[in-house]
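Hi everyone, thanks for making time.

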Amino acid sequence: MRVIFTVLGVALLVWTAGSILRTLVVPRGLYSALAIRLWSSLRVVVRTVAAPFGGYRAIDRAQTWLAPLTLLGMLGCWLLSTLMAYTLLLIGTSELPWHVAFREAGSSLFTLGFASGDRLHLSVIDFLAAANGPLIIALLIAYLPTLYSAYNRRELEVTLLQSRAGEPAWGPELLARQALVRTESELPELYRDWERLAADLGEGHSNYPVLISFRSPQPYRNWVVGLIAVMDAAAMQLALNPRSAPPEARLLLRAGFTALRDIATALRIPFEPDPEPEEPIRLTFAEFDAAVAMVTAAGMRLERPVADAWAHFRGWRVNYEAIAYELARRVDAVPALWTGPRDFPATPIPPRRPADRRPVNP
């Protein structure tokens with residue numbers, strides 16, 4: 001039995017170290033089973049608690065706690081598994097009873113020092129346990145600045161998008177507002193900014209999946225919704241106005257669906273890596289036609305008939321729609337237009353356009 005306990009202790013210690021390294025250290029977008037399963041379980045708990053208190057706003061308030069609870073849960077799981085691993089090692093290499101081994105392992109792991117013994121051959125295990133506890137906590141503390149740095153970069157662009165695409169953001173609204181105030185020339189710069197942000201999202205959210213559960217400060221803002229809105233605007237512009245659409249729109253779309261696929265790979269979300277342009281999408285032609293009518297009413301001119309543009313728009317959207325909808329569902333994003341269904345009852349919320357406050361000419 002001592003051999004079995006020793007092997008189990010070593011195996012548990014190796015598994016814990018691997019989980020910590022995959023989650024906090026290795027910058028490769030490796031799948032962290034602990035982080036994903038803990039996040040999924042806590043998400044269900046948080047949504048269940050919030051369900052009796054209303055609709056989306058109650059869920060959004062409750063989901064604010066999901067990210068910190070996930071971080072604390074990971075720390076607790078790592079410390080507990082390390083404690084059990086050293087307890088098994090002490091039992092397997094000595095004649096200590098369970099309660100004494102557990103007490104000594106905990107004393108060493110948390111550097112309390114009240115249960116150390118005079119058994120020289122167990123000192124190495126005690127020293128390793130004493131080093132592991134602070135090391136795990138230090139790695140998680142060092143992990144936080146990286147998370148919040150990526151979070152701040154993300155939320156800055158999401159906040160800047162509010163005045164251009166409404167709140168919650170919507171791709172046709174982005175085009176309509178630019179047409180209304182004659183600022184279409186600013187779209188290339190916006191696409192460049194979101195191309196860089198898309199690359200940052202793909203790198204950050206695949207390497208640090210817990211970032212996905214960090215919510216925006218305002219309930220109607222969300223990074224997935226914002227990315228879908230900008231990509232939809234670029235796809236509509238390319239489909240409707242192929243001659244005058246800026247080349248930055250193509251670059252944004254490529255960066256956007258590449259980032260979404262990187263995140264999907266890290267989260268093990270299945271997707272078609274090379275879909276056919278003719279494949280069906282969940283957005284309907286009727287919705288697209290109504291959005292085009294709204295955009296043209298705002299002053300945008302069309303270079304291609306709507307029926308012809310639909311095939312091109314669908315060819316772009318098929319590359320990112322399925323992943324974007326699944327991410328929006330998993331993060332319980334604000335139910336914006338063209339972002340798919342949610343796991344809670346919700347009606348899509350259209351962006352509210354500010355009233356025209358220009359003075360009337362006498």
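Start with R177 and E173: both sit in helix α7, residues 171-180, four residues apart, about one turn of the helix. An α-helix has 3.6 residues a turn, so residues three or four places apart point the same way. The side chains of R177 and E173 form a salt bridge, at 2.7 Å from N to O. By salt bridge I mean a side-chain nitrogen of Lys or Arg within 4 Å of a carboxyl oxygen of Asp or Glu. R177 and E173 are both buried, where buried is under 20% relative accessible area, exposed is over 50%, and partly exposed is in between, using a 1.4 Å probe and protein chains only.

A word on provenance: this is a predicted model, in which local features need pLDDT of at least 70 and side-chain atom pairs count only at pLDDT 80 or more, while totals for chains, interfaces and linings use all residues. Residues are numbered from 1 along each chain as its sequence is written, and side-chain values use heavy atoms, with hydrogens and water left out.

How many salt bridges does that rule give? The count is 14. Another of them pairs R317 with E321, with 2.5 Å between the closest N and O atoms, and both R317 and E321 are buried.

Now over to helix α13, residues 321-330, where E326 and R329 lie three residues apart, again about one turn of the helix. E326 and R329 form a salt bridge too, their closest N and O atoms being 2.6 Å apart.

Is R329 buried or exposed, or in between? Its relative accessibility is 23%, so R329 counts as partly exposed. R330, also in α13, comes out at 18% and therefore counts as buried. Setting aside neighbours within four places in sequence, R330 is in contact with W39, R43, L267 and I269, contact being heavy atoms within 4.5 Å.

On to the backbone. Most residues other than glycine have a negative phi, and most peptide bonds are trans. D332 is in the segment after α13, and counts as buried because its relative accessibility is 0%. In the segment after α13 you will also find W338, another non-glycine with a positive phi, about 65°. W338 is buried, with a relative accessible area of 7%.

Where is the cis peptide bond? It joins E167 and P168, with omega about 0°. P168 is placed in the loop between α6, residues 123-165, and α7.

Last stop, helix α5, residues 98-109. Its 12 residues should span 16 Å at 1.5 Å a residue, and the end C-alpha atoms are 16 Å apart, so the two agree. That expected span is 1.5 Å times one less than the number of residues. The buried residues of α5 are A101, E104, A105, G106, S107, S108 and L109. Just after α5, T111 has a positive phi of about 50°.

That's my tour, so over to you for questions!

Terms used. Helices (H or I, at least four residues) and strands (E, at least two) are DSSP runs, numbered from the N terminus.
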